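This report covers salt bridges, a helix pair and a nonpolar core. Please look over the sequence and structure before reading on.

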Amino acid sequence: MASHNVYRLLKLLRYRKRNFFSIEARSLSTIRVVSADVNEKEKWLVGIGLAGFITAAATLHTRCDDLPSFGSSSDAMLAAELDEVNIDDMYISTAAPKPLTENQRSLLKRGIKAFESTWDALDEEDPQPEATDNYLPEEKVVVQENKKDDIDEEDIRRLLASSNIAQNPSKDLVTTRHMYFYKSPIINSRLIDKFSLFAGPESDALGSDVAHLLGVPLSKLNAGKFTDGETSVQIGESVRSKHVYIVNSTSSSDALMELFLVVSAARRAGAKKITAVIPYYGYSRQDRKVRRESIAAADIAIMLEEMGVDRVMCMDLHNDTLRGFFPPKIPVEHLMPGPVAAAYFHEEFTAMANNDSPNGKLSYPKVTVVAAHEGQVARAVHFRNVLQKLAGEEVKIAFLSKQRQEARQKSYSPLLVGDVEGRKCIIVDDIVNTGNTLEASIRHLKDSGAESIYAWASHGVFVTDDNDAPERLQKMNELDYLLISNSVGLNRRLPSKVRQLNVAPLLAEAIARSFHNQSISGILNLQDLRVERYDG
């Protein structure tokens, strides 16, 4: 009876129309209902119904441990796996409960009765939906109401596919179609009580994807501002004696302050160990003293140490020597997303070759990887090695030399070293901000005879409202597209020539290995490079 009522409640929540309910899920284990335009009677009825449902579920000790789990190489969504799983085989098993006390038996009966009465009351009069746009609350929404009462396989597919919709639903992410470095990390269930994952406002969407891949709920964190502009941070659950991971990029002063305060709050709340996961380490370009100025990158390391960080994870630091700004007691893990980007370009070029070879004979294009300037040669070589190993064809290397007279000079004449004529070129850089260097490089490569031009940058720092770099790149006919990672949270719609690569699987793999005391440097080991489809 109780399981039948649970199914009816889920159908009820799905059946309710656009302006009536939305369901929020930051992970598969935490779901809550967000109401909008609901009258007082309906709120009261639904509240009693949900209370009855929760009471019944808690009393019966419902377990979901045997449900199938999913994961892909660079895709935080589940829909790709559904082709191999019969939806009818997905079920919830219940364990036999212990004998109930008189009080528990009474609560169970009251809960079931409240649920049944709520169903009957709401079933008597079903309000018709208004012809308006779908309601989207401010929080992450992963399920929206359906006009149909029947829940079919297509509904479930859309539900699962929407599991990584961010706060900005217009922002699309690209992923690789095969598994290369990702090995489906899941936090050990015996240790899950000692693990907490938080995501700051700057990396909320990325943190949600990481939590989903790890199979854990994203811990509750309230961050905002007081009326006087001061940053407010509050941890919403206990972290005592836990290993806490905090995902937050520092692309602005506000994001940096939020990270400091979350670390401080976790330390003051009794966390055993704190790891700051910083996809984009802001102020990293201020890594040396030129005139009478601070070395901001080192100063931030000092402040993180004072706040109580035990370990730091960063992704593609502007300069690898930044790790030396932290003392030996704070290890710094340096993750490189370049190999994942190389895999993405390999898949794109392979698809082009298949389309251009209808007779089935694959002709891989001629490719040259171009370092954006002298400081990017090491990144370009690493990128080229991965691409060459995946392609099985020679990939050439080239670089552009900046002829700047001063450090802050904006205009310069690049000098090309290498062969690009008649070849597909991929410009490699770590940060794209104003886009001036990239624009100059693209024009110079085209003038040098490049067939087509692509670009990869680990961090697309387009955070300010007046930054028009994406729009200027969109207008460049010489550029096919720019690929960046989602290390920086962008609250803006990007043009079609700027694509974002989801790096959540790389971070999830590193976090899982760190928590289980396993090697992190081996994630991108080319000797163990595997090429498998994520769906089998």
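E509 and R513 pair their side chains in a salt bridge, 3.1 Å from N to O. A salt bridge here is a side-chain nitrogen of Lys or Arg within 4 Å of a carboxyl oxygen of Asp or Glu. Both E509 and R513 belong to helix α12, 4 residues apart, about one turn of the helix. Helices (H or I, at least four residues) and strands (E, at least two) are DSSP runs, numbered from the N terminus.

E509 counts as buried because its relative accessibility is 5%. R513, at 12%, counts as buried too. Buried means under 20% relative accessible area, exposed over 50% and partly exposed in between (1.4 Å probe, protein chains only).

## Model and overall makeup

This is a predicted model: local features need pLDDT of at least 70, side-chain atom pairs count only at pLDDT 80 or more, and totals for chains, interfaces and linings use all residues. Residues are numbered from 1 along each chain as its sequence is written, and side-chain values use heavy atoms, with hydrogens and water left out.

The protein has 12 helices and 20 strands. Of its 536 residues, 49% are buried. Contact means heavy atoms within 4.5 Å. Take the contacts between residues at least 6 apart in sequence: 73% of them join residues at least 24 apart.

## Bridges across the chain

The salt-bridge count comes to 15. One of them joins R379 to D316, with the closest N and O atoms 2.7 Å apart. R379 sits in helix α9 (residues 377–391), and D316 in the loop between β11 (311–315) and β12 (332–335), 63 residues away. Both R379 and D316 are buried. With D430, they are linked in a network of salt bridges.

E451 and K424 also form a salt bridge (3.4 Å, N to O). E451 lies in the loop between α10 (436–447) and β17 (452–460) and K424 in strand β16 (residues 424–432), so this pair ties together parts 27 residues apart in sequence. E451 is partly exposed, with a relative accessible area of 46%. K424 counts as buried at 11% relative accessibility.

## The α6–α7 pair

Helix α6 (residues 253–268) packs with helix α7 (residues 296–307) at an angle of about 25°, the axes being 9 Å apart. Axes are lines fitted to C-alpha atoms, for helices over the stretch in contact, and angles run from 0 to 180 degrees between N-to-C directions. That makes α6 roughly parallel to α7, a label for angles under 35 degrees.

From α6, the contact uses L256, L259, F260, V263, S264 and R267; from α7, I300, M303, L304 and M307. By class, this contact has 8 nonpolar, 1 polar and 1 charged residues. Ala, Val, Leu, Ile, Met, Phe, Trp, Tyr, Cys and Pro count as nonpolar, Asp, Glu, Lys and Arg as charged, and the others, Gly among them, as polar.

## The nonpolar core

Which residues touch the most other members of the largest nonpolar core? Among its 58 residues, they are F195, L197, L214, F345, F383, L387 and I511. Helix α12 (residues 504–515) gives the largest share of this core, 8 residues. A nonpolar core is a set of buried Ala, Val, Leu, Ile, Met, Phe, Trp, Tyr and Cys residues joined through side-chain atoms within 4.5 Å.

Neighbours within four places in sequence aside, F383 contacts G338, A341, A342, F345, V369, I426, V428 and W456.

Definitions and conventions. Parallel < 35°, antiparallel > 145°, perpendicular 65-115°, else oblique.
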